[in-house]
Amino acid sequence: MLFVRQLLLSDIHANNTALQAVLSDAEKRGYDQVMHLGDAVGYGPHPHDVVETLRGLDATCVMGNHDQMLLEYADDTREYKESVVAAALKWQLTRLTERDIRWIRTWRDGIDDSLVGARYRHGTPSSLDEYMDSVTAAREAFTQWQGRIGFVGHTHTPIVYATLNAPVGEWIKTQPLSDGGTYMVPPAARVILNPGSVGQPRDGNPKASYAIFDTSRNVFEVIRVPYDVARTQEAMMEAGLPQVLAARLAIGK
């Protein structure tokens with residue numbers, strides 16, 4: 001195994017104010033590489049700034065469902081139906097450069113890293129857009145995927161699911177990390193780890209959420225970082241984005 005400190009980001013959703021707060025905090029802790037688990041775009045007011053920042057970090061990015069929808073709107077292969085999701089993505093297309101779009105097209109639907117021994121995907125280890133938001137869903141995910149360490153996003157909630165390194169039975173443990181905290185990956189377990197959402201947390205905690213995985217110690221640490229929520233809300237209102245998207249940031253829902 002390659003020994004590194006991985007900075008794990010997910011679901012930034014075009015919230016550059018939150019992203020910069022996270023990066024400032026992470027810099028003090030130290031990291032070697034950046035993995036983004038999908039949904040750089042969608043919902044928020046800063047799509048270009050977020051994409052440019054990730055590119056500047058030389059981040060390895062996997063495709064999220066909002067990233068995929070954005071490309072479908074860009075290619076006119078997705079029928080437009082009025083919704084807060086569609087409204088935000090259509091507006092964001094007017095703010096992204098052709099270079100931004102070209103880079104997003106290179107993002108893959110899932111990555112296996114043999115050096116770290118992990119899979120990175122947006123929804124579950126075996127799906128781009130399924131939600132792993134319960135023990136039942138985790139059991140299904142462990143059944144469909146036989147790897148040892150998986151990193152996912154999509155639910156906007158920092159959490160760990162673990163099962164024995166054996167045929168999947170009843171033993172599935174879960175550890176929510178909404179207040180931050182560390183989880184040591186047991187040597188005889190298979191785990192799926194979610195760092196939560198940088199730009200739109202949904203676990204009742206409005207602080208930005210990210211994680212660092214230390215491969216030398218097998219420690220996954222979730223960190224919560226306060227950021228200027230009002231500043232992002234003001235930018236969303238100025239952009240004419242749906243008001244509900246701004247309101248939810250303050251309550252972490």
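Which loop does Asn218 lie in? Asn218 sits in the loop between strand 11 (208-214) and strand 12 (219-225). Keep in mind that this is a predicted model.

**Helix 3 against helix 5**

- Two packed helices are described by the angle between their axes and the distance between the axes.
- For helix 3 (residues 65-74) and helix 5 (residues 98-105), the packing angle is about 125 degrees, and the axes are 10 Å apart.
- The crossing of helix 3 past helix 5 is left-handed.
- On the helix 3 side, the contact is made by Asp67, Leu70, Leu71 and Ala74, while helix 5 brings in Ile101, Ile104 and Arg105.
- Sort the residues of this helix 3 and helix 5 contact by type and you get 5 nonpolar, 2 charged and no polar.

**Strand 10, covered on both sides**

- In strand 10 (residues 189-195), 7 of the 7 residues are buried, so this strand is largely enclosed by the rest of the structure.
- In a regular strand the side chains alternate between the two faces of the sheet.
- One side of strand 10 has Ala189, Val191, Leu193 and Pro195, the other has Arg190, Ile192 and Asn194, and all of them are buried.
- The charged-type residue Arg190 is thus listed among the buried ones here.

**Who pairs with strand 10**

- Strand 6 pairs with strand 10 in the parallel sense, over 3 bridges.
- Look for Phe151 here: its bridge partner in strand 10 is Leu193.
- Strand 7 also pairs with strand 10, but in the antiparallel sense and over 7 bridges.
- In strand 10, Ala189 is the residue that Leu164 stands opposite.

**Two non-glycines with positive phi**

- His156 isn't a glycine, yet its phi is positive, at about 65 degrees.
- You'll find His156 in the loop between strand 6 (149-151) and strand 7 (158-164).
- His156 has a relative accessible area of 2%, so it counts as buried, the cut-off being under 20%.
- Asn218, another residue other than glycine, also has a positive phi, near 55 degrees.
- Asn218 is buried too, because its relative accessible area is 16%, and buried means under 20%.

Terms used. Residues are numbered from 1 along each chain as its sequence is written. This is a predicted model: local features need pLDDT of at least 70, side-chain atom pairs count only at pLDDT 80 or more; totals for chains, interfaces and linings use all residues. Side-chain values use heavy atoms; hydrogens and water are left out. Axes are lines fitted to C-alpha atoms, for helices over the stretch in contact, and angles run from 0 to 180 degrees between N-to-C directions. Helices (H or I, at least four residues) and strands (E, at least two) are DSSP runs, numbered from the N terminus. A crossing is left-handed if the near helix is turned anticlockwise from the far one by less than a right angle, and right-handed if clockwise. Contact means heavy atoms within 4.5 Å. Buried means under 20% relative accessible area, exposed over 50%, partly exposed in between (1.4 Å probe, protein chains only). Two strands pair if DSSP finds at least two bridges between them.
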